[in-house]
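Hi,

Here is the structure I promised to pass on to you. Have a look at it first, and then read my notes below.

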Amino acid sequence: VFNACRKDSENKMARIYAENYNLLPFAGSDNHVGASQKILGGMEFDTPLLSEQDFVSRILDEDGRPFTLYL
């Protein structure tokens, strides 16, 4: 529902699409420009992730929340 390299209108449509088709909300930075990236996005959790499998399990359990960070 958020990609840092997309326009706000595209991210809004992604959220609407996810809500209408019962898809899991997900966010990422899709960073291709390194430190000059001024907007970041990703998933946050209440406790540290233990492994890739833990990440997948938590996403499927809808335990993570998308975040956006403006630098």
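Let me start with a definition: a residue is called buried when its relative accessible area is under 20%, exposed when over 50%, and partly exposed in between, using a 1.4 Å probe and protein chains only. Please keep in mind that this is a predicted model, in which local features need pLDDT of at least 70 and side-chain atom pairs count only at pLDDT 80 or more, while totals for chains, interfaces and linings use all residues. Residues are numbered from 1 along each chain as its sequence is written, and side-chain values use heavy atoms, with hydrogens and water left out.

Now to the salt bridges. The term stands for a side-chain nitrogen of Lys or Arg within 4 Å of a carboxyl oxygen of Asp or Glu. Side chains of opposite charge can pair when their charged atoms come close. How many salt bridges does the structure hold? There are three.

Arginine 65 pairs with glutamate 44, at 3.8 Å from N to O. This bridge links distant parts of the chain, 21 residues apart: arginine 65 sits in strand E4 (residues 65-70) and glutamate 44 in strand E3 (residues 39-44). Helices (H or I, at least four residues) and strands (E, at least two) are DSSP runs, numbered from the N terminus. Both partners are partly exposed, arginine 65 with a relative accessible area of 33% and glutamate 44 with 34%.

Arginine 65 also forms a salt bridge with aspartate 46, where the closest N and O atoms are 3.0 Å apart. Aspartate 46 lies in the loop between E3 and helix H2 (52-60), 19 residues from arginine 65. With 62% relative accessibility, aspartate 46 is exposed.

The other bridge joins arginine 58 to aspartate 54, again with 3.0 Å from N to O. These two are four residues apart in helix H2, so about one helical turn separates them. Are they buried or exposed? Both arginine 58 and aspartate 54 are buried. Through shared partners, salt bridges join Glu44, Asp46 and Arg65 into one network.

Finally, a look at helix H1. Asparagine 11 belongs to this helix and is buried, at 7% relative accessibility. Beyond its neighbours within four places in sequence, asparagine 11 is in contact (heavy atoms within 4.5 Å) with Val1, Phe2, Asn3 and Arg6. Just after H1, asparagine 22 has a positive phi of about 55°.

Enjoy exploring!
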